[in-house]
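Got the sequence and the 3D view open? Let's take a walk through this chain, one spot at a time.

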Amino acid sequence: MSRGSLILARINAWNPIFIHALIFACISFYILSSSANILLFHFVIDINLAKIGMLVTFLAFFPFTFYEIKKYLLTEKTISVFLLFWLLYLIINSYFSFFPGISLKFLLRIIGCWLIAFQIAVLLFKHDGNYQNTIMYALLFSFLVITLIWNLHLRMPEILVWFKQRMPNRMDWHLTGLYINPNELGYALVIHSFVLFWFIKHRIYLTLSIIPLAFWGVYLSGSRNSFIALLIVSAFGIIYSLLEFSKKYKLNKKYSLLYILIIFFISLILIKQYIPNRAGTTINQFSNQINFSNPSASIQKIYSSLGIRAQIYDFAIKTWKKNPWFGIGIGSFSKHQTFGIGFNTHNFLLSILVEHGLVGIFFVSLFALILILKMKSWTGSIVLIILPLTLLFDDLSWSYIFPVYLSFLIGILFYYAIRNKFRKSETNNF
């Protein structure tokens, strides 16, 4: 018996309850410990907690995912060689970065994200969905914890006074206690819901309960990007869950379409009634500037009305033109820009262009193409397309929460690729 087979035999002999408990605990810890600018625990316990969460999760899953990952990468030469060359480029990009120290930290986050994504893919693939349910429960638990603390912070902040701690430097006041960045909180709820929609699949009642919770959190945060992203993600979640639900219970397609239309119209009424003030003001401002007889002038007016964001976009494009091929380095824009502390490009794809250059855009595009060809799944392809749409008007790739949720989304995509390779007889999803 080979060494790999012996390791696998020992792992299979472990108590299943222990494995499921470990997965639940690690996934929950990975999400909550990395909610950096939501600051549920970060800075209150340890400034390095986000890094610890990623490392602990990887090491915990390593023993019972290593053999399957190794087996897949050895047999799937295209993805292995591509990831190797991409990693080599990212190392070069970090070395020649405007801020090499920052780029190195971002590079380690990217590597950690890839590794955990492969581990999640293996967990999803193994044992006919048992691990999928465990991951789903961990996601549900952490989602409820985030929404609960967010509501407590807004309504009864005195309950969370024990989060407070003093920092010697007054400039670091925002790093103490329970500081919540509304944009990051809103996006966390959106992308968390996006991941959950895939896991709950046949449980449409859970989908219809998650959407209001996410919407309420986004509404209270006032984040415009999160509101738009939630509309896109919710449409995906409802349609996907209804189709999966109808497949499971063999419902007539006419009834499924009718349910989708009913939910769509009810949602339109609710959205119009409860649209966040900032989002409503922006929509009215843009709609008043639209002139169908002169589209180019309308676009120019709308772009000019973006205010500081238009200035940031112009600055980012000028910066890229000076460094078109390799960019200024991973994670460097926030440090390079001159608008204020913490400003980003406010667009995910623009951020990749500025920091990674045309070569980086090439790798990202080729990665997406390879995954689409390897997955051969409409669901996986739609998930891949929706991700950048959730960050059309913001860029949270610098945030600690981003690699966490990216691990789950890429893990789902790797799962489709692995399933398609080892289970060719299985019918594609969607």
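## A buried serine

Let's start with Ser 226. Leaving out residues up to four places away in sequence, Ser 226 touches Asn 183, Gly 186, Tyr 187, Val 190 and Val 218; touching, or contact, means heavy atoms within 4.5 Å. Ser 226 sits in helix α10, residues 224–248. (Helices are DSSP runs of H or I with at least four residues, numbered from the N terminus.) With a relative accessibility of 1%, Ser 226 counts as buried. Here buried means under 20% relative accessible area, exposed means over 50%, and partly exposed is in between, using a 1.4 Å probe and protein chains only.

The side chains of Ser 226 and Ser 223 are also joined by a polar contact of 2.9 Å. That term stands for a pair of N or O atoms within 3.5 Å; within protein, one must be able to donate a hydrogen and the other to accept it, and residues adjacent in sequence count only if both atoms are side-chain atoms.

Residues are numbered from 1 along each chain as its sequence is written, and side-chain values use heavy atoms, with hydrogens and water left out.

The chain's average pLDDT (the predictor's confidence in each residue, from 0 to 100) is 81, and 78% of the residues score at least 70. Confidence is lowest in helix α1 (residues 3–12), with a mean of 56, and highest in α16, at 94. Over residues 172–176 the pLDDT is below 50, and this stretch has seven contacts in the model beyond near neighbours in sequence. Where pLDDT is low, the predicted coordinates should not be read in detail.

Now find helix α5, residues 77–95.

Which residues of α5 are buried? They are Ile 79, Phe 82, Leu 83, Trp 86, Tyr 89, Leu 90, Asn 93 and Ser 94. These cover an arc of only 135° around the axis, so they lie on the same side of α5. (The arc is that of the directions from the helix axis to the C-beta atoms.) The buried residues pack against α4 (66–75), α6 (100–125) and α16 (348–375). On the face turned away from the buried side are the exposed residues Lys 77, Leu 84, Phe 85 and Tyr 95.

## The nonpolar core

The largest nonpolar core has 102 residues, and those with the most contacts inside it are Ile 23, Ile 135, Phe 199 and Phe 408. Such a core is a set of buried Ala, Val, Leu, Ile, Met, Phe, Trp, Tyr and Cys residues joined through side-chain atoms within 4.5 Å. Helix α18 (residues 401–422) gives the largest share of this core, 15 residues.

## Two loop residues

His 346 is in the loop between α15 and α16. Its phi is near 60°, a positive value in a residue other than glycine, and at 10% relative accessibility His 346 is buried.

Lys 376, in the loop between α16 and α17 (378–389), isn't a glycine either but has a positive phi of about 50°. Is Lys 376 buried or exposed? Lys 376 is exposed, with a relative accessible area of 53%.

Methods. This is a predicted model: local features need pLDDT of at least 70, side-chain atom pairs count only at pLDDT 80 or more; totals for chains, interfaces and linings use all residues.
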